[in-house]
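Please work through the exercises below with the sequence and the coordinates open beside you. Each task is followed by a solution that goes step by step.

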Amino acid sequence: MTSLSPALPPSLRLAQIIGIMTSAFLSGGVLAVSYGFVPSMSQAPNTLLVREWKTTYSRGIAASPALAMVSTLSYAWLSYSLSFTLNHHKAEMYALAAIATGSIVPFTLIFMKNVNGKLDKKVEGSKHLDRLEEMNESKDKKGEHSQELLDWWAVLNFTRGLLPLTGASLGIYASFYMTS
């Protein structure tokens, strides 16, 4: 394994660190929710389940887009800066890292909008239930239980978490394993 290229100015080395760290952190957070939170909530009553999902979702939506943007811009700047040098192969790898990490936002909007909307409706509906109804949630018109929706959301969210992980992997490869 080689070290960060000594020929790079400190600003580009800092961009390498920021890009890799933020995309890895983002991926870890997203994957932990699917791997840790969702299974641990499977025993909770349905109304608690959807309320906890909403709390977790709200925290994620507050931080994730900013992390994705910082990482994507770091990789994009590295790609642009290196595209005018003999490091054009690294520039291409950083461009791929930027695309992989940044694609978490359109993935969320395209593939998760439907299930997020259904879970949001469950959250709104749970605000008006009494204790007995909370324990015995019936299926909605399309036959979907909160747990089923959350399980599908976890699959999509896990897939979404692989995008910045791919970006981090490409950033690490370009930074440490590619030669000039």
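Two residues are in contact here when heavy atoms of theirs lie within 4.5 Å of each other. The model is a predicted one, and the exercises should be read with that in mind.

**Exercise 1. Describe the overall fold and the extent of burial.**

Begin with the secondary structure: the protein has seven helices and zero strands, and along the sequence the elements follow the pattern α-α-α-α-α-α-α. Next, consider burial, for which 41% of the 180 residues qualify. Then turn to the contacts between residues at least 6 apart in sequence, of which 82% join residues at least 24 apart. Finally, the accessible surface amounts to about 10100 Å², with 68% of this area belonging to carbon and sulfur atoms.

**Exercise 2. Locate the largest nonpolar core, and list the contacts of Trp153.**

**Exercise 3. Decide whether Ser34 is buried or exposed, and identify what it touches.**

Ser34 is found in helix α1. Its relative accessible area is 9%, and because buried means under 20%, Ser34 counts as buried. Leaving out residues up to four places away in sequence, Ser34 touches Pro39, Ala154, Asn157 and Phe158. With Phe158 there is also a polar approach, in which the backbone nitrogen of Phe158 lies 3.2 Å from a polar atom of the Ser34 side chain.

**Exercise 4. Classify Ile110 and Asn114 by their accessibility.**

Ile110 lies in helix α4 (residues 104-111), and since the threshold for exposed is over 50%, its relative accessible area of 61% makes Ile110 exposed. Ile110 also belongs to a nonpolar surface patch, formed with Val105, Leu109 and Phe111, whose accessible area together is about 420 Å². Asn114 lies in helix α5 and, at 53% relative accessibility, likewise counts as exposed. For a distance check, take the C-alpha atoms of Asn114 and Trp153, which are separated by 9.7 Å although the residues are 39 apart along the chain.

**Exercise 5. Find how many salt bridges the structure holds, and characterise the residues involved.**

Side chains of opposite charge can pair when their charged atoms come close. A search of the whole structure finds one salt bridge, in which the side chains of Lys54 and Asp120 meet with an N to O distance of 2.7 Å. The pair links distant parts of the chain, with Lys54 in helix α2 and Asp120 in helix α5, 66 residues apart.

Terms used:
Residues are numbered from 1 along each chain as its sequence is written. This is a predicted model: local features need pLDDT of at least 70, side-chain atom pairs count only at pLDDT 80 or more; totals for chains, interfaces and linings use all residues. Side-chain values use heavy atoms; hydrogens and water are left out. Helices (H or I, at least four residues) and strands (E, at least two) are DSSP runs, numbered from the N terminus. Buried means under 20% relative accessible area, exposed over 50%, partly exposed in between (1.4 Å probe, protein chains only). Accessible areas come from the Shrake-Rupley method with a 1.4 Å probe; for residues, only the protein chains shown count as cover. A nonpolar core is a set of buried Ala, Val, Leu, Ile, Met, Phe, Trp, Tyr and Cys residues joined through side-chain atoms within 4.5 Å. Patches are made of residues with over 30% relative accessible area and no salt bridge: like charges are joined within 9 Å, nonpolar side chains (Val, Leu, Ile, Met, Phe, Trp, Tyr) within 5 Å. A salt bridge is a side-chain nitrogen of Lys or Arg within 4 Å of a carboxyl oxygen of Asp or Glu. A polar contact is a pair of N or O atoms within 3.5 Å; within protein, one must be able to donate a hydrogen and the other to accept it, and residues adjacent in sequence count only if both atoms are side-chain atoms.
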